Amino acid sequence: MAGKNIYLIGFMGAGKTTVGKELAKKTGYVFIDLDEYIVEKTGETIPAIFEKHGEEEFRRLEKVSLAELTESGCIIATGGGIVESKESVSMMKEKGFTVYLESPFTTLYERIKEDTNRPLTAQGAAALSARFNRRLPLYEQAEYTIHTEKLGVDEIVEMICRRYEG
Ligand code: S3P
């Protein structure tokens, strides 16, 4: 493999962390979950950051943290909102290969609706759906889009490897 980072993007519940871990096993690359990185760096949970400092501060932390990951040869599972920062999108394009794990909103919502570790879910289906639609064109700028709904994790990993190597 070429050594470029692989960035996994997509809405909450898209399977970025699950796919990222398996992809790291398969490639021997280091796996980094951006949300985990932020939690370790700040010593606060994601809900606590949103509650105490607000979404804007979380977005700032997200952008700064992504920029700190300067190593190459990493699989990076980003948070669903990373595409809201233009700088982050160009950084990912520049430093690596960006893969969008696509699923329809209804499927994603079923997976995340009761997850209290994802503070935005408290806003309800309509607000989340609007957010999803707003982000869609940004996700679609990825170099590679995979419609994951009917695929198993192994198949997704296989597809990413093939495309990355090719
Ligand atoms: C968010 C997605 C979350 C996390 C935070 C905000 C978003 O990550 O970064 O709760 O704005 O879509 P996951 O996509 O890993 O759930």
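Select Lys63, Leu66 and Ala67 in helix H4, and then Glu87, Ser88, Met91, Met92 and Lys95 in helix H5, because these are the residues through which H4 and H5 meet, contact meaning heavy atoms within 4.5 Å. This is a predicted model, in which local features need pLDDT of at least 70 and side-chain atom pairs count only at pLDDT 80 or more, while totals for chains, interfaces and linings use all residues. Residues are numbered from 1 along each chain as its sequence is written, and side-chain values use heavy atoms, with hydrogens and water left out.

Now show H4 (residues 55-68) and H5 (residues 86-95) whole: their axes come within 10 Å and cross at roughly 20°, which makes H4 roughly parallel to H5. Helices (H or I, at least four residues) and strands (E, at least two) are DSSP runs, numbered from the N terminus. Axes are lines fitted to C-alpha atoms, for helices over the stretch in contact, and angles run from 0 to 180 degrees between N-to-C directions; those under 35 degrees count as roughly parallel, over 145 as roughly antiparallel, 65 to 115 as roughly perpendicular and the rest as oblique. H4 passes H5 in a left-handed crossing, a crossing being left-handed if the near helix is turned anticlockwise from the far one by less than a right angle, and right-handed if clockwise.

While H4 is on screen, select arginine 59, which is found in this helix. Arginine 59 has a relative accessible area of 16% and is therefore buried (buried means under 20% relative accessible area, exposed over 50%, partly exposed in between, with a 1.4 Å probe and protein chains only). Its contacts, not counting residues up to four places away in sequence, are Phe50, Gly81, Glu84, Leu120, Arg131 and Arg135.

Next, move to helix H1 (residues 16-27), whose end C-alpha atoms are 16 Å apart, in agreement with the 16 Å that its 12 residues should span at 1.5 Å a residue, the expected span being 1.5 Å times one less than the number of residues. Which residues of H1 are buried? They are Lys16, Val19, Gly20, Leu23, Ala24 and Thr27. Seen down the axis of H1, these buried residues fall within an arc of 135°, so they line one face of the helix. Among the elements that cover them are strand E1 (5-9), strand E4 (96-102) and helix H8 (153-165). After H1 comes glycine 28, whose phi is positive, near 80°.

From here select leucine 101, in strand E4, which is buried with a relative accessible area of 1%. Not counting residues up to four places away in sequence, leucine 101 touches residues including Lys16, Val19 and Ile156.

The last stop is helix H6 (residues 105-112), where threonine 106 is placed; at 59% relative accessibility, threonine 106 counts as exposed. H6 packs with helix H7 (residues 125-139) at an angle of about 130°, with their axes 11 Å apart, and the contact is made by Phe105, Leu108, Tyr109 and Ile112 of H6 and Ala125, Leu128, Ser129 and Phe132 of H7.

Key. Arc of directions from axis to C-beta.
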